[in-house]
Structures are given as C-alpha cells and as structure tokens.
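Walk through this structure with the sequence at hand.

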Amino acid sequence: MSDITQLLEAAAIGDRKASAELLPLVYEELRQLASARMANEAPNHTLNATALVHEAYLRLVGTADVARWDNRGHFFAAAAEAMRRILVDHARRRNQLRHGGGRHRVEFPENLATKATTSEDDLLAVDEVIDRLVAHDLSVAELVKLHVFAGLTLEQAAEVLGISARTAYRNWAYARAWMFQQLGGNELPTK
Amino acid sequence: MSTPPVDVKSIFEKALECSDPSARAAYLNAACGENATLRAQVEGLLVALERAGAFLNRESEPDPATGAFGPVEPVSPHIPADGVTGTFASAPPATSETGSYVAREISLGVVIDGKYKLIEEIGEGGMGTVFLAQQTEPVKRLVAVKVIKPGMDSKAVLARFEAERQALAMMDHPNIARVLDAGATEDGRPFFVMELVKGVPITKFCDDRKLTPQQRLELFVPVCQAIQHAHQKGVIHRDIKPNNVLVALYDDRPVPKVIDFGVAKATGSQLTDHTLVTGFGAVVGTPEYMSPEQASFNQMDVDTRSDVYALGILLYELLAGWPPFSRKELEKVGLLEIFRVIREQEPLRPSNKLSTASGLPTLAANRGTEPRRLTALVRGELDWIVMKALEKDRGRRYETANGFAADVQRYLAGEAVQAVPPSGWYRLRKMYRRNRGLVLAAGLVLFVLVGGVIGKI
C-alpha cells in the first residue's frame with residue numbers, strides 16, 4: 001500500500017500531520033490481524049505481539065520497503081501506540097472475565113501479551129504509568145513502548161531509535177526502576 | 001523537579017555498573033557530592049530496581065551489566081554482594097561495531113572449538129548464521145558451521161536450535177546434508193557443523209544446464225526420497241523450497257541435497273513452536289511454498305503432507321518455471337490475503353501456467369525444448385501428478401513423499417500413473433457447492449447433463 005509509504009516518508013521529514021494519520025491506519029491493520037488470529041486460534045494459544053507488528057509492517061509497507069530503515073521508526077512508534085490499545089483492551093477484558101465474569105468461558109487466547117511473557121498485570125501497570133514517563137523522559141518512554149507494546153527486543157528497539165544497544169539496556173533498567181517506583185514501590189497494585 | 005532527570009538517570013545507570021556496594025557508595029559520593037536530594041533520588045531508584053523483582057523481568061533479556069540471561073537476582077545495595085549475583089558487576093559488556101550486544105563477537109577468522117576457522121558468512125536464518133569454515137582436525141576440509149545468533153539465548157530458542165541439530169543428526173541419507181559435529185563456543189553459544197554442500201538451488205541448476213523435463217524429474221525423485229527419510233525419522237521439514245535443495249556435483253554427477261531444517265519440527269517432540277517470527281520482519285516459512293494448512297495462524301495442524309505439498313510446488317516450478325502463486329502476485333495482496341489465496345484459490349495447472357506465461361520461449365529454452373512441445377509434454381500426466389500433490393485437501397494428496405516419487409518414476413518408465421484428474425462426480429460436487437442456487441434452479445435433468453459435459457473435459 002503506497003499510502004503508508006508516502007505517509008512514512010512524509011513523517012520522516014517532519015510532517016506531523018502525516019505522523020498523525022499513520023496511527024489509525026496502523027491501528028486498523030493490527031486490529032484486523034489480531035482478531036483474525038483470535039478467530040482461528042485454540043483457546044490456549046499464546047499470540048505474539050511481535051509477529052502481529054511485523055506482519056502489519058510487511059503488509060502495509062511491503063517487503064520492498066523493509067530496507068528503508070529511516071522510516072521504520074515512525075511505523076513502529078505508531079504500531080507501539082496501536083498495540084498498546086489492543087493489548088490493554090484485551091488485558092482488561094480478561095481481568096474482567098477472571099474476576100467478574102463468572103461462568104463465562106474465556107473465548108479468546110490466554111495471553112495476548114508479547115511472547116517474552118509480559119503478564120497482563122505488568123501490561124496494565126505500564127499502561128498506567130507510561131504517560132507519566134512520556135512527560136518525565138520521552139526517549140526512555142519511547143524505548144518502553146517499543147519493547148513492551150510493539151514487542152521489539154531491546155536490540156531492535158535500539159536500532160529503531162538510533163541508540164546503542166548498551167544504552168538501551170541501561171535505559172531499560174532505569175525505566176523499570178522508575179515505573180516500579182511510580183506504581184507504589186513495593187508491590188504491584190492488586191487487581 | 002529542580003534537578004534535570006538526566007542527571008539522576010546517568011548517575012543511576014553508572015551506579016548499576018559498580019562492582020560492589022562499597023564501589024557504588026564511593027561513586028555516589030563523588031557524583032552527588034553534597035546534594036542529598038540527588039543522592040536520595042538515585043538510591044530510591046536503586047532500591048526500586050532491586051524490589052521490582054518479576055516486574056517486567058523476562059527470561060529473554062540479558063542482564064545489562066553482565067550479559068547473563070535469566071531473571072535478575074535482586075541484591076540490596078547495603079549488603080555485600082556475594083559471588084552469585086552479578087547484578088552489579090564490573091566490566092561493561094563488549095559491543096560490536098554495530099552496537100549489538102554480544103558477550104564476544106563471532107567474527108571471521110575466529111576459530112571455534114579449536115578446529116573450525118570461520119572464513120565467510122554464507123547464510124543467515126532466523127536463529128543462526130551459517131559460515132563457511134575450514135576444519136583443521138582431525139581432517140582438513142571445508143565445512144559449514146551454523147552458530148546461534150547473539151542475543152538468542154532464551155531457553156526456548158536454545159531448545160529449538162538443539163532440536164534442529166538433533167533432527168539433522170538423526171538423518172542418514174545421501175540426499176540430506178550431514179551433521180558432522182556439534183558443541184558450544186567459548187562463550188557458550190551453541191553451534192553445529194554440517195557437510196558443506198557446494199551447490200546451487202535445484203531450479204537454478206536445472207536452468208543453467210537446460211535440463212529437459214525428464215532430467216528434472218530424475219533429479220526430483222531423490223529429493224522426495226530424502227524427505228521420506230526425514231519423515232520416517234519423525235521430522236517434518238516445513239520449509240522445502242529451491243534454496244533449501246541444493247544440487248552439487250560429485251564425480252561429475254549431480255546430487256541434490258536437502259539442507260536447512262531450521263524450521264523443522266520433530267513430530268514426537270514436546271517442543272511446540274507458536275512463534276511466527278524468526279527474525280526481524282521475517283515470517284516462518286516461505287509464502288510461495290506454504291501449504292494451505294500452514295497458511296493459517298494455527299501452526300499445530302501441520303503434518304508430513306505439508307512437505308508433500310511443498311514438494312509439489314517445487315516440481316511445479318521445475319516444470320513451469322514459476323510456482324503457482326508467485327511472489328509478485330502475493331506481494332500485491334498482503335499477508336492475510338496471501339494466506340487466503342493459498343488456502344482457497346485453485347492454482348492453474350502447470351501446462352496452463354506455461355501456455356499463458358510471458359517468458360515462455362525462455363522457459364522452454366531452459367528446458368531444452370520449444371514452447372509448444374513443452375506445453376504438450378507437461379499437459380496430461382505431469383499436470384495430474386503435480387496437481388495431486390497440491391490438493392487443498394491433504395487427504396487427497398500423495399500420502400507419502402515416496403508415493404509421490406513412485407508416481408514420477410512410473411511416468412518416467414512409461415507406466416500408468418496413479419494421479420488421475422478429479423473424477424466427473426468429484427468435479428460435479430465441487431461445481432455444485434459453488435453454484436448451488438443456479439444448479440437447483442436448473443433442475444435435475446440439466447444438472448445431470450451439465451455434469452456429463454464437465455466430466456468429459
């Protein structure tokens with residue numbers, strides 16, 4: 001779809017309107033992919049946010065454009081934001097069902113979180129504090145979004161953000177400490 | 001806050017790298033000086049990290065300071081560190097030029113296990129990189145060494161890598177690349193050594209030498225037999241395609257060799273693999289070669305007949321020059337649509353694909369013949385054989401890779417083949433399902449008449 005490519009290119013040179021237009025397109029794509037997966041899955045199958053995001057990338061940008069690294073950042077930033085909504089929605093629904101839904105059989109897979117086992121509680125916790133982190137330290141927040149929501153490894157996120165992997169790992173440690181502190185410091189909030 | 005966040009952050013990050021609490025305390029003294037607020041902020045974060053425990057702490061992430069994998073052991077900054085922690089260890093990790101995080105870089109010239117000197121990178125898969133290497137003992141020869149990629153040390157990936165190595169080691173067949181050795185590098189990265197196949201993809205080999213359809217079929221039979229061997233050992237290849245079937249010359253005779261069981265799945269194994277992504281932007285399996293059951297998101301339902309399907313695509317390409325759903329067509333539609341096409345769309349018969357191909361003269365030349373003769377040769381029995389392997393309903397395909405090979409051999413011997421065009425009744429049923437309204441409206445007599453006509457095509 002060349003629309004996406006054009007938007008990415010525009011966003012890369014600073015067109016903020018293009019950046020804004022990316023998100024709904026990416027969100028729609030990811031939402032469709034996510035529900036297609038869930039419709040076909042056995043109940044205990046763990047879905048993979050990384051796979052969803054990469055598929056969306058392939059589908060929207062196409063294999064020819066995969067090598068255009070300059071534009072990836074905007075795609076993944078939009079994807080991270082989109083996945084955040086999808087993941088958090090599902091984590092909330094699951095929690096509702098678990099604690100309020102009674103006999104209702106869980107229809108969707110056990111864990112829509114990224115394969116590296118971000119638990120639902122962690123996901124919701126990050127969702128709660130991420131906006132504060134954006135205000136506190138934007139670059140660290142971007143790293144967290146790519147890693148937690150878009151399912152990129154820290155190395156991949158580093159590449160997308162244009163920082164060294166070492167910096168990414170260090171910032172991640174900082175992010176964990178900071179977020180944990182924000183959440184109350186001792187234990188995660190109970191459900 | 002009066003202090004810019006970056007100061008707290010950099011002091012915190014540097015403090016993490018201190019080797020022990022006293023070194024850390026000393027560093028904090030130097031960095032924070034008299035600024036008690038600053039110091040309290042940094043120490044607050046250090047404590048928070050220690051207490052964070054399982055929060056966002058995943059097996060798949062290396063420890064920032066040591067590169068060790070596994071959940072980070074919490075250590076109180078106020079208790080002397082014991083040897084087991086490593087959380088606040090000393091030397092920062094080595095990084096390569098690209099900034100990627102490795103314990104030690106595997107680079108060319110490195111000697112693995114004291115015997116394999118890496119010469120050149122020849123391939124890269126999702127989990128590992130394949131190098132051309134010179135083995136020095138006990139014999140001197142060139143080999144292929146596959147090393148797991150850096151940063152791929154999670155238990156799941158290690159298990160998969162090991163499963164691949166074991167899958168290969170179980171094979172003992174002249175048309176499957178042999179595993180010669182296996183082990184771990186000095187920094188614990190698994191590797192295994194394979195027979196080096198100095199060959200080219202089977203499609204290129206056949207085109208370069210302008211092999212006739214008959215010669216291509218003769219080369220195809222041992223490939224089926226190799227896959228059969230794997231199936232008998234309980235391994236499904238899952239990624240059969242020209243790049244994984246290399247043809248090399250041994251004593252001037254062409255020998256096809258199946259390589260790369262990287263996505264292979266042992267049928268009896270506990271290890272199930274739900275990951276669709278093997279690397280950045282890469283999807284497991286190659287869309288043009290994916291069977292209908294693979295082209296869904298439920299990967300658990302794949303069996304040996306998926307390999308039969310992929311062999312069918314391979315034969316299709318050997319005969320017709322292109323796979324039935326070419327990359328160009330697939331790229332136009334996007335991944336979800338790709339899956340639908342593979343699952344639902346009936347491919348053109350190879351002879352039809354040929355007769356409508358734009359590059360037919362070239363294709364025919366590459367097959368040592370002329371366009372019309374080529375199409376005529378493929379039409380009929382070869383069509384049927386290929387299409388039988390490509391049935392969407394896997395129960396209708398060849399049951400085994402050997403069954404496929406046997407039918408090809410029957411064709412080569414001039415005997416009757418088992419693959420037959422779908423029976424009149426079967427095609428009628430298909431047509432009925434697709435055009436139910438029309439057929440019912442037309443009435444029974446017309447239905448039978450139409451059925452009779454269809455059956456004769």
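Strands here are DSSP runs of E with at least two residues, helices are runs of H or I with at least four, and both are numbered from the N terminus. Two strands pair if DSSP finds at least two bridges between them. This is a predicted model, in which local features need pLDDT of at least 70, side-chain atom pairs count only at pLDDT 80 or more, and totals for chains, interfaces and linings use all residues. Residues are numbered from 1 along each chain as its sequence is written, while chains are lettered from A and ligands numbered from 1 in the order in which they are written.

Take chain B as a whole. Its secondary structure comes to 16 helices and 13 strands. Of its 457 residues, 39% are buried. A residue is buried if 20 or more other C-beta atoms lie within 10 Å of its own, exposed if 12 or fewer, and partly exposed in between, with C-beta atoms placed from the backbone. Contacts use those backbone-placed C-beta atoms too: two residues are in contact if theirs lie within 7 Å. Among contacts in chain B between residues at least 6 apart in sequence, 62% join residues at least 24 apart.

Now the sheet. Three strands of chain B make an open sheet in the order β7-β9-β10, and the pairing is antiparallel. The edges are β7 (199-201) and β10 (253-258) of chain B, each pairing on one side only. Neighbouring strands of this sheet are turned by 30° against each other on average, direction ignored. Such angles come from axes, which are lines fitted to C-alpha atoms, for helices over the stretch in contact; angles run from 0 to 180 degrees between N-to-C directions. Strands β9 (residues 245-250) and β10 of chain B run antiparallel and are joined by 6 bridges.

Two loop residues deserve a look. Most residues other than glycine have a negative phi, and most peptide bonds are trans. Asp252(B) lies in the loop between β9 and β10 of chain B. Its phi is positive, near 65°. Asp252(B) counts as exposed because it has 5 C-beta neighbours inside 10 Å. Lys210(B) sits in the loop between α5 (202-208) and α6 of chain B. Phi of Lys210(B) is also positive, near 50°. With 13 C-beta neighbours inside 10 Å, Lys210(B) counts as partly exposed.

β3(B) and β4(B) form it, with 5 residues between them. Strand β3 covers residues 128-135 and strand β4 residues 141-148 of chain B; the two run antiparallel and share 8 bridges. Phe131(B) stands opposite Val145(B) in β4(B). The loop between β3 and β4 of chain B holds Pro138(B). The peptide bond from Glu137(B) to Pro138(B) is cis, with omega near 0°.

Is Phe161(B) buried or exposed? Phe161(B) belongs to helix α4 (residues 155-170) of chain B. It is buried, because 24 other C-beta atoms lie within 10 Å. Phe161(B) and Gly128(B) are 33 residues apart in sequence, yet 8.1 Å apart in space, C-alpha to C-alpha.

Return to α6(B) for the helix packing. The axes of α6(B) and helix α14 (residues 401-412) of chain B come within 8 Å and cross at roughly 160°. That makes α6(B) roughly antiparallel to α14(B), a label for angles over 145 degrees. The contact includes Leu217(B), Phe220(B) and Val221(B) of α6(B), and Phe404(B) and Val408(B) of α14(B). Its residues divide into 10 nonpolar, 6 polar and 1 charged. Here Ala, Val, Leu, Ile, Met, Phe, Trp, Tyr, Cys and Pro count as nonpolar, Asp, Glu, Lys and Arg as charged, and the others, Gly among them, as polar.

Helix α7 (residues 304-320) and helix α13 (residues 381-389) of chain B pack at an angle of about 145°, with their axes 7 Å apart. Among the residues that meet are Leu311(B) and Leu315(B) in α7(B), and Leu382(B) and Val386(B) in α13(B). By class, the contact of α7(B) with α13(B) has 9 nonpolar, 1 polar and no charged residues.

How values were computed:
Angles under 35 degrees count as roughly parallel, over 145 as roughly antiparallel, 65 to 115 as roughly perpendicular and the rest as oblique.
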